[in-house]
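Welcome! Please keep the sequence and the 3D view open as you go.

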Amino acid sequence: PHLDFMVPRKKLIKFIDLVNGKDYPYDDNGHGTFVCGALCGGGTVSPKHTGIDPLTNLIVIKALDQNGETGANSILTAMQWVYENRKAYNIRLMCMSFGSVALKNDPLMMGAEKLWDSGIVVVSAAGNSGPQAETIKSPGSSYKIITVGALDDKRVKDTPQYDKFQVADFSSRGPINNVYKPDVLASGVDVTGLSGKGLYTIMSGTSVSTPMVAGVCSRLIKQYPNYSPDRIKKLLISSCEPITFDRNSEGFGWINGEKLFN
């Protein structure tokens, strides 16, 4: 329960713990706190580090242990909870900053696609196994959902250097299942965000990029509440600026929010 989720209003409306069965919010790893902050942190302590959509609410499902590890069943249970409760809680978006080796008839991929087909925009990390080809992780291996790679924006004191943008070396590359992936890029190198043990910390990875894209999607859903996940994805892609024109390293490029919201 970081201050940026509590003040001036409580953003966390539901917490489900599939690991230890606790009924109060906690983070024994720190990864989840950072991801939530990048998506919707309120900037209470530092307005400079406000999340992409500070007006959204959070439902958090803890499915990974203190080491950031879990099994497929735990993730599928989390997906099932979201599917069954999507109408009761008006769930329109799911952010998944994790990945596993993609398998044939992959259950995580199929679960993500079931959520997508039900009207939920699903945003998933590409993985941190680049620059080798064919390293996209599941469920980001799905052709339907939005898969996010990491942009190295060469930031100096949290300020991006637009003329120096490049795909982060660690960002996973496609193709996967004969499909270009990732779909888009967002900043994922040396980003300052919320800490599970203090106020702020610095993190890199496609786990950082993914909630930024989820935050953009959240704002688009508010702006176009009747749009399907497919239409939100097309709108997102329409804003992208290519860097290398290599679809298997950057997808359609980095998301230029000014095209979407100005």
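The expected span of a helix is 1.5 Å times one less than its number of residues. Keep in mind that this is a predicted model.

**Exercise 1.** Work out how the span of helix α3 (residues 72-85) compares with the expected one.

*Solution.* Begin with the number of residues in α3, which is 14. Next, go from the first C-alpha of the helix to its last, a reach of 20 Å.

**Exercise 2.** Find out how the buried residues of α3 are arranged around its axis.

*Solution.* Start by listing the residues with under 20% relative accessible area, the cut-off for buried. In α3 these are Ser-74, Ile-75, Ala-78, Met-79, Trp-81, Val-82 and Asn-85. Now look down the axis of α3: its buried residues fall within an arc of 155°, so they line one face of the helix. Then turn to the face directed away from this buried side, where you will find the exposed residues Asn-73 and Glu-84. To finish, ask what the buried residues pack against: their partners are β1 (12-17), β2 (58-62), β3 (93-96) and α4 (107-117).

**Exercise 3.** Describe the second largest pocket and its lining.

*Solution.* Take the volume to begin with, about 910 Å³. The pocket is lined by 32 residues, and those closest to its centre are Ile-52, Arg-155, Pro-160, Ser-187 and Met-212. Among the elements that give two or more residues to the lining are α2 (31-40), β7 (184-187) and α5 (206-223). Last, sort the lining residues by kind: 16 are nonpolar, 10 polar and 6 charged.

**Exercise 4.** Locate two cis peptide bonds, one at Pro-175 and one at Pro-182.

*Solution.* Pro-175 is joined to Gly-174 by a cis peptide bond with omega about 0°. For Pro-182, the cis bond is to Lys-181, and omega is about 5°. Now place them: Pro-175 lies in the loop between β6 (166-167) and β7, and Pro-182 is found in the loop between β6 and β7.

**Exercise 5.** Where do Lys-154 and Asn-177 sit, and what is the phi of Lys-154 and of Asn-177?

*Solution.* Lys-154 is in the loop between β5 (146-152) and β6. Its phi is near 55°, a positive value in a residue other than glycine. Lys-154 has 32% relative accessibility, so it counts as partly exposed. Asn-177 belongs to the loop between β6 and β7, and phi of Asn-177 is near 55°, again positive in a residue other than glycine.

Note on methods
Residues numbered from 1 in each chain as written. Predicted model: local features only at pLDDT ≥ 70, side-chain atom pairs only at ≥ 80, totals over all residues. Heavy atoms only, no water. 1 Å grid on protein atoms, 1.4 Å probe; cavity = no way out; pocket = protein on both sides within 12 Å on 5 of 7 lines; lining within 4 Å. Points joined across faces, edges and corners; volume = space filled by probe spheres on them. Helix = DSSP H or I, 4+ residues; strand = E, 2+ residues; numbered from the N terminus. Nonpolar A, V, L, I, M, F, W, Y, C, P; charged D, E, K, R; others polar. Buried < 20%, exposed > 50% of the residue type's maximum accessible area, 1.4 Å probe, protein only. Arc of directions from axis to C-beta. Contact = heavy atoms within 4.5 Å.
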